[in-house]
Amino acid sequence: MQNQTKQEEQARVDFVRAKLKERLTIVKQQLARAHRETTRIERAYGDATRVNITEIDDRMETNAAVQQQKTMVARAVENEQILEKEQQRLHLLQDTPYFGRIDIIQDGEPDTLYIGLGTFIDQDDDFLVYDWRAPIASIYYNGTLSKVTYTTPFGPETVELVNKRQFTIEHGRITNMFDTDETVGDEILQSVLGAQSDVYMKNIVATIQQEQNDIIRDTKHDLLVVQGVAGSGKTSAVLQRVAYLLYHSQKDLDADQMVMFSPNQLFANYISEVLPSLGEKNMRQATLAEFLGKRFSGLHVETLFERYERDHESLPEAAKAIRRYKERAGYLDELKAYANTPGRIPYFIDITLNGEVFFSAKTITKIFASQPAQATAANKFLDTKNALIKRLKTRIKLAIYDDWVQERLGSLSSGEARDILGDERFENGEDEQRYIATQLVKDAFSPVYDAIYNDYFLDPYQDYARFLAQCQPPVAGNVWAEMSRAYQSDLEAHILRLADAAPVLYLRDLIAGSGQNHAIQYVFIDEMQDYSMAQLRYLHFAFPKAKLTLLGDARQDVFTTDYQPSDFIHEISAVFATSSVRLINLNRSYRSTLPITNFAKALLPVNDHIQAFTRGGTKPRLVTVPKNAYRTGLIRTLNQLLETNTTVAVLTRDAAQAAQLFATLQLDVPVQLLTASDHQLHAGCVILPVYLAKGLEFDAVVGFDISAGTYDQASDADVLYTLASRALHTLILIALDRPSPLVAALPKDLYETIDAADHAAASNPAH
Ligand SMILES: Nc1ncnc2c1ncn2[C@@H]1O[C@H](COP(=O)(O)OP(=O)(O)OP(=O)(O)O)[C@@H](O)[C@H]1O
């Protein structure tokens, strides 16, 4: 591009930055003033009004004056928050005010628009920068040079796009810029993808690709399913989608009303910087294990990782069949029918107080059974609860004349009596005594109240056991009975297996009428292939108002290949049959170099759809070494890789192998072991089992023990594919004794081989 153009563009960058600086000074002053104002109002009206704006809820407030003061505080706080957000946006724009420019002709008038992380308007109301999420900015991502139509809140608009320019601006200097007629050209993408990785994921706003833009801007569908090959930007697109949705529903949507289910805590941490880098708050994040664990107090719900490690030892055919049976969406339908069977009584247990039965299971059963037979279980349950509360109240009234109460009354000090009375005043001593006696009884009976309120009289675990007993099992009766026994003995050890967790929760929620969160508006599920249909159905039930975005890759099915057929997409559409569904396929893989993507895709039996992004690099290396002589070579390799790479990962088959390898290497390589309970990724060299690396990426990946015996089964191809596709620039596979047949069978031109003798000699000349 001509020098003069570049100078002109640089002059504009300088101009915008100067304006930004001016504005920032003003906003800082305004913010300081606003803060003083908030403090002043809060002080003036005292503690009663010191509220967080989000706490201004629908609690009844009788005192109108206080209400008015609260509104004033809320307004002041809100004003401060708006200014804070603006300050944050201006800071974001300082280094890189924008990354794109479009020249358009609209209604015969030429116009030039610059696109950046946020809108910036000067005092003359000129738009110096447009937010990348503004309707007109979609032209930048979607349009080629011609007439283009974009959607506005008032309907479609058509303009002519005459030029599109991309910039890389660092610390206010344009380091790269060029015009393109493609959607978003390859050159800048090349340099972004060629860079070293970080321990945090970066945002991709400057280089969003057209098909990713569709995911980001879809607001029409209740269910968006993104099936994308490894490294195709599913996670990236979905995070920009969150930012997009927050921008477009500023008034009605808060980040707290969005939940992202992440595959593990490392991943949650890895993506945690993307939204803040876009000037937005992070949405809520949870792993499925955390979500389930919170709902079962006192029980440990088996995690996917624990199950994977256990399966790895043995997974008999019958166990697979049982798991498939329980993980169907239909299993939950059967549970629902079971829960609402007319005349059926859930499994109730006694409510006890101090070791004595207070309300027996028999009494509770009678109350439940007396409800209209056709009512739902939840309605009957609610009526039962109300009836129990009523009976409790009667028991309290009667109990105040019991001896123990009268004795307690007699021995109360005047201080204790005053504490109980609080602000209550009575006309005569008798009423006062009755009040105090009632409070004493209420206090003594409070465990009963808690038990009723918290549904402790329902035993969903045993109720589920009864359900199991009446199922039409997919295996022989004695095998099913054995599973039921194992379920009971696990319960005694306070363990609930993963396949039973969502069903037990569902049963409990159906009966107790609980477990649904109506406030959540969006749920995002990453690595959807790791979820069973039953779990997805349960999440749909738990967040009934939420629109869902599911993303995943059926080919990175590390956890379930052993027993699940993979027509996932078909099934999923059936599970959410009532919603408006859109399926988007992402087939272009951006993460890895061309040789690594070509190698990874060759591992899969069906791979024609995977398109590699053409970024050059060295071929993957397969090093075969004797089983007991890998150490020296591996140490050398890792130390070498660390010289030129920010992140290096050694990926093992399971956690035990990772721990063992760590113990072997830790004295000679600066290396860290990562386990399922870790939250934080580190730069440098890490060792972790491959399943924990899902969703993550590293400059260099060393696959350890890619040997015959470790990766033998056809289904292991998915695990190897996941492993290989974690690498951005370098992939090295270490086979012990003999390489995995899955790799050995690949065309030889896809990788380089280094044989044992060379490796041993190169790694350890003393040998
Ligand atoms: N449009 C883009 N511009 C720049 N980088 C991109 C783009 N799309 C994807 N990438 C990069 O490609 C890599 C993979 O992206 P991401 O992790 O979102 O993919 P994914 O489909 O979720 O991967 P996987 O399923 O393998 O975990 C990341 O480094 C991301 O920054």
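Visitor: How far is an oxygen atom of the ligand from an N or O atom in the side chain of Ser236?

Guide: This is a predicted model: local features need pLDDT of at least 70, side-chain atom pairs count only at pLDDT 80 or more, and totals for chains, interfaces and linings use all residues. Residues are numbered from 1 along each chain as its sequence is written, and side-chain values use heavy atoms, without hydrogens and water. A polar contact here is a pair of N or O atoms within 3.5 Å. For Ser236 and the ligand oxygen, the distance is 2.7 Å.

Visitor: What percentage of the ligand's area does the protein bury?

Guide: Areas come from the Shrake-Rupley method with a 1.4 Å probe. Alone, the ligand exposes 630 Å², and the protein buries 96% of that.

Visitor: Which helix gives the most to the shell around the ligand?

Guide: Helices are DSSP runs (H or I, at least four residues), numbered from the N terminus. Three of its residues come from the top contributor, helix 6.

Visitor: At what angle do the axes of helix 12 and helix 20 cross?

Guide: Axes are lines fitted to C-alpha atoms over the stretch in contact, with angles from 0 to 180 degrees between N-to-C directions. The axes of helix 12 (residues 329-339) and helix 20 (residues 498-512) come within 10 Å. They cross at roughly 35 degrees.

Note on methods
A polar contact is a pair of N or O atoms within 3.5 Å; within protein, one must be able to donate a hydrogen and the other to accept it, and residues adjacent in sequence count only if both atoms are side-chain atoms. Helices (H or I, at least four residues) and strands (E, at least two) are DSSP runs, numbered from the N terminus.
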